[in-house]
Structure formats: C-alpha cells, structure tokens
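Hi,

Here is the structure I promised to pass on. Have a look at it first, and then read my notes below.

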Amino acid sequence: MKETKMCTHLAGGRLNVAILQETMRKELLNLLQMCEGKKVTIWDEWLAGPVGLVAQYSLLKEHEVADMFPLRPGSLPTISVNHIIFIARPKLALMDLVADYILSLRSKQSTSVEFHLFFVPRKSELCEKHLRNRGVMANLSIQEFKCDIFPVDSDVMSLELQNDFRENYLEGDPTCLYNSAQALRTIQQLYGIIPRVYGKGNAAKQVWDLLCRLNKEEQGVSPSGANTACIDQLLLLDRAIDFTSVMCTQLNYEGLIDELYGIKNSTATFPVQKFLSPDEANPEVTAGEKKRIILNSGEELFAELRDCSFTAVGAALSKKARVIKTQLDERHNDKSVQEIKQFVSRLPQMLANKQSLAIHTAIAEYIKETTDSFEFHDTIQCEEDFLNCIDNEKVCSFIEDLIAQQAPLTKVLRLICLQCVTGSGLKPKVLEYYKRELVQVYGLNTWLTLCNLEKVGLLKPQTGTRQYAVLRKTLHLTIDESDLDAKEKSYLSSKYVPLTVRLSEHIAKNKGWTGITDVLGSLPGPMFEELQSLQPRMMRRNSISSENSSSIENPKVILVFFIGGCTYHEISALRNISQQEDSNVEFVVLTTKLINGNTFIETLMEAE
C-alpha cells in the first residue's frame, strides 16, 4: 500500500515522476531476481536513503532479501543465505570494504555463498582492477544498477551526488559532469527529446557538450523511450554563477526545517518531546529519542505549508485547526442514517488531518524557538544588509562578535562568503583581517578551508566592477516590502529572490536570453542556446508545438537542472511562479544534490 501511495504523490505534476521511480525500481528488482534464493544486501551507507525513495525495504523483503547491513568497517554475523549482494558507488575506499568482507566471510562460511556487486550508477574499471589486486574478483559477479536519478517529489528529482561541487571545482574530478550528462540521457529516454536548451556557466556547458557527444556515440543504436516531448525547455545552471542564494538563510517552511534539522531523502529528524501528549512525556526516557517525519507532497498539509514564509505558517495552522474542529463537531448534530454513514466514511481522513496538524504544530514550535531568538534576528538583519549592498565594504561588527564568541565555523564562513559575493569581492585589508582572526580563533586547519573557498571563488579580493550590484538592480533580486502588492507578498518567502530563479523566470517569459545577455556576461562561464531536433517519430505534446502557444490548459514544462546543488528556497520560489494566476509554465527541478549553506560549506571544509 505504501508503494502505491508513493507513486500517487509522484504522479501529481505535469511531468509524471512516478515513471522514473517505476523504471529504477524494475531495474533493481530484475537484478535481485537474477540471484535466486535467500539473500542479504550490504549497502553503501550514502545510497541506502536515496534508494529508499525508489524501493522500500518491505518490497525488497518480498524478493527474498532476508536482511540489510551497512557497508562499514567491521564483521558481519554468520549468515546462512545463498547470495550476499554489495550495492555501492564506484569508490576505491568502498572497494576495500567490499574486499575485506569477502575475504572475512570466505574464511568463516562453511556453506558456499555467491558474492555479487551492484555498482550504482555504473561500473568503474579502476574499481574492478582494485578488486582484482585484492584477489576477490574470482568470487564476485559484477552488475550495474543504473539508477542515476532519485525521485524526491512530483516536481523535484536529484542525482544525490555526495561531494559533486567539491570534486569538480576543487579536486578536478569531472565524474559528476559525466553522471549529470547520463542523467539527462535517462530523462530524454523516459520523457522524450527536449526541443530547446539554454545554459549558463562552465559546468553547464561541459554537461551539454558531454550529452551531445554521448548522443552521437549512440546514433547507431535504435532510439528507445517516449514518443512525445513531455518537456518543452531545459535550463542548465552552474551553481558557481549564484553562490548568494546558497549562503542566505532560507526562510520558507521547508527551507527552515532543512537549515535547522536537515532533510535527508525527504525525511527530517526532530527531538521527540513536542510530539508526545502530556501523559506520554517523560523527560528522562525521551531525552535522547528522535522522531523521523517524512516530508513530501503526499501529505496535504505539508504541501500547503512548505513554500510559505515561516511568518505565515502560524496563521495557516490556526486556520486548518478551525476547519478540522468544525468538521469533527458535525458529529454532535442531528443526522439521518445516510449522513452518519457519510461522516463515518470521511472520519479516517479527518483523523489523519488532525494527526498531520499536530505534527506540523510541533515542528513549527521547534523552529519558532530558534526564529524568536535575538541571534537569529541579528543574523537575518546582517544578511539583508549585505543583500542590499549596505556596509559590505568594511569589516562587519556582527561577524567580529561571532568569531569572538567562537560561533560554529560554518555560520561565520557563510556570512563572510555572503559579504564577499554581494560585494563582488572583499577589500584586501578586510579579507586579510577575517583570515587572520579565523586562523587565530579556530586553528591553523582553518587556513586550508579558506584556501578551498578562495579556489572555488567564494572568497576573493575586490576587483573592477560590482557585478552583484548591477544584477540586483537589473533583475530585481531584492524587494522592498512597501513596493509589493498583497498577491506578491503571499508568494514571497523572503525579501531576496534567487538569481537562478530570475533567470528561469526570464527564460519562461522570453525566447531565450534576449534582453539580459549584457548582464549575464558579468557572470562566470559561457552562455548558450541550442535547438535539439526531434526524431521523426516524435510528436510535440498537445498544442505546445506552436511557437507562441499560450494555452492555459497546457502550460509549458521547463526542466531546470542545477549542477552543483539546489536549495529548498529556490525550489519554493520556482513553484510560486508556476502557481501565479497569469503563469503559463510549470517548473520541474533536477539537481545533483539538495543543499543548504551549511552543507555546502561543509563539503568545502578540510577535516580536522
């Protein structure tokens, strides 16, 4: 039943993401069926969560998976099964763990066991060579589990690449670009060729060139997949063109949950206390307990709240509470037998709504504890000043105080990086001052992190033009509340609109980059527009084939691919544009990873 529910909420948008989930699920089940009999799976820990979005453990149990273990150092209990299956990414460190397990189990097991390794999403010759050198290849059958995209929601898909931005920009490893190009091939096989392609940034251009090369190599192979073009336009955006949107604190409901508690594979973890009734609450018992909450559009209330500014969440919850109370109070009215039957049939849904309301009220209370603090208000005020180009030329006293208090390093670095990107660099004296203070307070290891931030362009000395100031005015990135009408206020969760969202909006309303080419020239990396020819057998969906079609029944679908990660604030802003009355576009997001400022900075930090 759970499986069906997952598919239902994934099929809610104009692009049926459930097709992707079903394809990946079949791929996994076919691989499992090749191993007849009782089996155990040993998972790369990073993959266990994302693959759970494709196939849950209950489904794997139906296919004779007796148990699941994480792939980590240590030994397994003695297992009496026919097959042991390792499911892992092609990483050398993981291959060492696989080899250790095989050698250990081979010496312990009395019965014969077959070992299998499923590479996700594809094999690596280097890894195979490493396993050969460890002397375990003879015992191992190797397959590919070609799962390169994971369905997050009806309008969000992610490649869930762990350190893609770091690997590409710091370590010079372009594997993530190849994985991105392959993911686009998967999308086009499932949903048809995308006729119009736009892009901005170095990584965007590299992914597009790779995709073109892969398509040429496959020309001899008969095309497979959809007969209709379900997606009208593709916009490729390199994360490096817009660091500002990542460094800001997200102020929409879903974004704040991610900022404060972290959302992993549509699941967030909270302390358990506020979810218990007064009778159940026992501080000694519940102190360390956590509650896992699944967050996706399958839950009606969360779908309503997730894109709201957090300041509007309280009012929305109160309104919902009144509606539920009114519905439940109907049972006290005099009713005919027919009306009672109708009420009873609606009762499970009402009780589910009541439970949902209790959960989100508890989450809102947790968030409010942080958002009501002076420190949070000061942080937001500091960010707003930088975004409006106020005082971003000198040393910020708030940042100085945070360093003196030894606040978490990620928080301090986020603000310094925000000051830098909004000022198009820091004055050399200011940059040197921050570096000196950070190294003195947080230790010498911080110097390596600062070097990494400089290498990717998050920290740099000020030179030449102020690109951000120009972009801010030209593309209206910051908004004065006094200039907004009520309709606009309702869909803005922050006074800042991400640059990536403004570019997506421009592409939706205009034919290409026309009108903003000069402004975009100040951003790093090339800008491009391409037309992909449809195969003869492919028809454009409905009436969208006409260039100027503005049919309200058939809004055009634009796939926005964030290469290097995407925030929930950006997703919310794109959804809000789609939901405006005069909008004739639906955005679908594809990203290499769902990120926030903290997780992004952490991937660039050097371990202690």
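Cys-147 is buried, at 2% relative accessible area. Cys-566 is buried too, with a value of 0%. Keep in mind that this is a predicted model. And how many disulfides does the structure hold? The count is zero.

Next, go to Phe-150, which sits in strand S6 (residues 150–153). Is Phe-150 buried or exposed? Its relative accessible area is 2%, and anything under 20% counts as buried, so Phe-150 is buried. Now look at what surrounds Phe-150. If you skip the neighbours within four places in sequence, its contacts include Leu-20, Leu-47, Pro-50, Leu-53 and Val-54, along with Met-157 and Leu-159. Val-51 is another of these contacts. Phe-150 and Val-51 are 99 residues apart in sequence, yet their C-alpha atoms are 7.3 Å apart in space.

You'll find Asn-168 in helix H7 (residues 164–169). With a relative accessible area of 17%, Asn-168 is under the 20% cut-off and therefore counts as buried. Leaving out neighbours within four places in sequence, Asn-168 touches Asp-173, Pro-174, Cys-176, Leu-177 and Ala-203.

Two of those residues turn up again in a helix pair. Leu-177 of H8 and Ala-203 of H9 are among the residues where these two helices meet. Helix H8 (residues 175–191) and helix H9 (residues 202–217) cross at roughly 55°, and their axes come within 8 Å. That angle makes H8 oblique to H9. The crossing is right-handed. Other residues in this contact include Tyr-178, Leu-184 and Arg-185 from H8, and Val-207, Leu-210 and Leu-214 from H9. Sorted by class, the contact has nine nonpolar, five polar and one charged residues.

How are H14 and H15 placed relative to each other? Helix H14 (residues 310–329) packs with helix H15 (residues 337–371) at an angle of about 155°, and their axes are 10 Å apart. An angle over 145 degrees counts as roughly antiparallel, so that is what H14 and H15 are. Their crossing is left-handed. On the H14 side, the contact includes Phe-310, Val-313, Leu-317 and Ile-324, while H15 brings in Phe-343, Leu-347, Met-350 and Leu-357, among others. By class, there are twelve nonpolar, five polar and three charged residues in the contact of H14 with H15.

Happy exploring!

Methods. Residues are numbered from 1 along each chain as its sequence is written. This is a predicted model: local features need pLDDT of at least 70, side-chain atom pairs count only at pLDDT 80 or more; totals for chains, interfaces and linings use all residues. Side-chain values use heavy atoms; hydrogens and water are left out. Axes are lines fitted to C-alpha atoms, for helices over the stretch in contact, and angles run from 0 to 180 degrees between N-to-C directions. Helices (H or I, at least four residues) and strands (E, at least two) are DSSP runs, numbered from the N terminus. Angles under 35 degrees count as roughly parallel, over 145 as roughly antiparallel, 65 to 115 as roughly perpendicular and the rest as oblique. A crossing is left-handed if the near helix is turned anticlockwise from the far one by less than a right angle, and right-handed if clockwise. Contact means heavy atoms within 4.5 Å. Ala, Val, Leu, Ile, Met, Phe, Trp, Tyr, Cys and Pro count as nonpolar, Asp, Glu, Lys and Arg as charged, and the others, Gly among them, as polar. A disulfide is a pair of cysteine sulfur atoms within 2.5 Å. Buried means under 20% relative accessible area, exposed over 50%, partly exposed in between (1.4 Å probe, protein chains only).
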